[in-house]
Structures are given as structure tokens and as C-alpha cells.
Amino acid sequence: MKLTTIPQRLAADSFVIDEDESHITVDQELCRSTGTDKVLIAVCPAGVYQERDGQLTVDYAGCLECGTCFAVAAPGAIQWHYPRGGYGVNYREG
Ligand code: SF4
């Protein structure tokens, strides 16, 4: 059996990006005041959350739909749901 790394597996995935609607929105103030911003940056396996110029940015196009961010965020700090039908990640391995 051939072993593959996580980056190699992720590179095999494809994404259908919903250009009209993000399935993730953040409350900047609540994220900052609760420390959720730092937690999101640390836990997201896809690097969707980043900090730029003091603001939490969300590159939702690369979301793997694992739900981790929704599970760990302070209540109300983010809104998360699966992408609309036909959009999102398509896993090709596993
Ligand atoms: Fe990142 Fe997973 Fe949240 Fe998507 S669902 S933004 S991959 S932690």
C-alpha cells in the first residue's frame, strides 16, 4: 500500500466554489473579545481563517466541511452551515 501525506491527499480534492454566498460568516468583535479568532486560526486544518491587519479573514473556498470551527467557537461568534447544494468540497480519497 502506498502511503500519502495529508497535503497530498488534500491536493486530490476538488472544490466547487459558491461565488455568491459564503457558508461562513464571523462576528469580528465577538471573535476578538472571546479569543475565538486565535482558536479558529489554530484549529482549522485548511487554513481558512487568517488574521490580516487585525481582522479575521475567512477564505471559505478551501473549507473541508469538517465542522471543527463551529464546534469550538464561542456561541454566536461564527455562523456556519454546509455549502448550498452542488457546492463545496469533493473528496477523492478516503
Ligand atoms: Fe476549517 Fe473545518 Fe471550519 Fe471548514 S469546517 S472552516 S475546514 S475548521
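## Overall layout

Helices (H or I, at least four residues) and strands (E, at least two) are DSSP runs, numbered from the N terminus. From the N terminus on, the elements of this protein run α-β-β-α-α-β-β-α-β-β. That makes 4 helices and 6 strands.

This is a predicted model: local features need pLDDT of at least 70, side-chain atom pairs count only at pLDDT 80 or more, and totals for chains, interfaces and linings use all residues. Residues are numbered from 1 along each chain as its sequence is written, and side-chain values use heavy atoms, with hydrogens and water left out.

The C-alpha trace spans about 45 × 30 × 25 Å along its principal axes. The protein has 94 residues, and 29% of them count as buried (under 20% relative accessible area, with a 1.4 Å probe and protein chains only).

## A hairpin

Strand S3 covers residues 49–52, and strand S4 covers residues 55–58. The two pair in the antiparallel sense over 4 bridges (pairing takes at least two DSSP bridges between two strands).

S3 and S4 form a hairpin with 2 residues between them. Asp-53, in the turn, has a positive phi of about 55°.

## The largest cavity

The whole structure holds 2 cavities of 30 Å³ or more. A cavity is a set of points, on a 1 Å grid over the protein atoms alone, where a 1.4 Å probe fits but cannot get out; lining residues have an atom within 4 Å of a point. Grid points are joined across faces, edges and corners, and a volume is the space filled by probe spheres set on the points.

The largest cavity has about 110 Å³ of space. Its lining has 15 residues, and Val-16, His-23, Tyr-60, Pro-83 and Gly-88 are the closest to its centre. By class, the lining has 7 nonpolar, 4 polar and 4 charged residues. Here Ala, Val, Leu, Ile, Met, Phe, Trp, Tyr, Cys and Pro count as nonpolar, Asp, Glu, Lys and Arg as charged, and the others, Gly among them, as polar.

## The ligand and its cavity

The second largest cavity has about 80 Å³ of space. Of its 14 lining residues, Cys-44, Pro-45, Cys-63, Cys-66 and Cys-69 lie nearest its centre. The lining divides into 11 nonpolar, 2 polar and 1 charged.

The ligand sits in this second largest cavity (more than half of its atoms lie within 2 Å of the grid points). Around the ligand are 13 residues (each with a heavy atom within 4 Å). Cys-44, Cys-63, Cys-66, Gly-67 and Cys-69 come nearest. This shell has 10 nonpolar, 2 polar and 1 charged residues.

How values were computed: On a 1 Å grid over the protein atoms alone, a cavity is a set of points where a 1.4 Å probe fits but cannot get out, and a pocket is an open set with protein on both sides within 12 Å along at least five of seven lines; lining residues have an atom within 4 Å of a point. Buried means under 20% relative accessible area, exposed over 50%, partly exposed in between (1.4 Å probe, protein chains only).
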